[in-house]
Amino acid sequence: AGAFDQPFEALTSDDMPAGIAFVHLAGPLSTRTTWSVEAATARGGVSSWFVGGTYATVVADNHGVEVHSSYSRQRSPDAEGVGVFGFEDGRSAGGVAVVDHWTISPRAMLEVGGRYERYDYLIDPGLFSPAITASISPGARTWIHVTAAREMTAPGAEEFVPEAYGSLSLPP
């Protein structure tokens, strides 16, 4: 995989891309539990790798839990004592998110959760983003959702966040 700036550059460039490897595994553990894991690596001027996973289970008929986690690292293979992105050994980011789903009645649901992320290049590397959502259905096929959340984001975080699980797109 790679990118080129001009049409036909792929046919004439001596600097061909080094490649990307991507793996996605998923499956049920039982009739009430599923899991998935994906990992990727990209090699080039800046090498990066990513691993992430999801675990979801139904605890009871009215209660379910989801856990999502990911870790990503970027590093320049050419940086011998020279900082890349201003950092000697590259940079990394990881996070865990937990969402607790409760069905109060067929017309009312509650979701409580949060996400903790750690970016090693920040002065205060830990960020916590809690959220709560209440949903009510006043009629057939109609839902009203009310969410209260605090969203914490790190500068440069988009370079570590993969696209939706199962996609073939990677962070740089």
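**View 1. Aromatic pairs in the predicted model.** A search of the whole structure finds 2 aromatic pairs. Rings of Phe, Tyr and Trp (its six-membered ring) pair if their centres lie within 6.5 Å; planes under 30 degrees apart count as stacked, over 60 as edge-to-face and the rest as tilted. This is a predicted model, in which local features need pLDDT of at least 70 and side-chain atom pairs count only at pLDDT 80 or more, while totals for chains, interfaces and linings use all residues. Residues are numbered from 1 along each chain as its sequence is written, and side-chain values use heavy atoms, with hydrogens and water left out.

**View 2. The pair of tryptophan 49 and tyrosine 71.** The ring centres of tryptophan 49 and tyrosine 71 are 5.3 Å apart and the planes stand at 45°, so the pair is tilted. Tryptophan 49 is partly exposed at 37% relative accessibility, and tyrosine 71 is partly exposed at 32% (buried means under 20% relative accessible area, exposed over 50%, partly exposed in between, with a 1.4 Å probe and protein chains only).

**View 3. The pair of tyrosine 119 and tyrosine 121.** With centres 5.9 Å apart and planes at 70°, the rings of tyrosine 119 and tyrosine 121 form an edge-to-face pair. Both tyrosine 119 and tyrosine 121 are buried.
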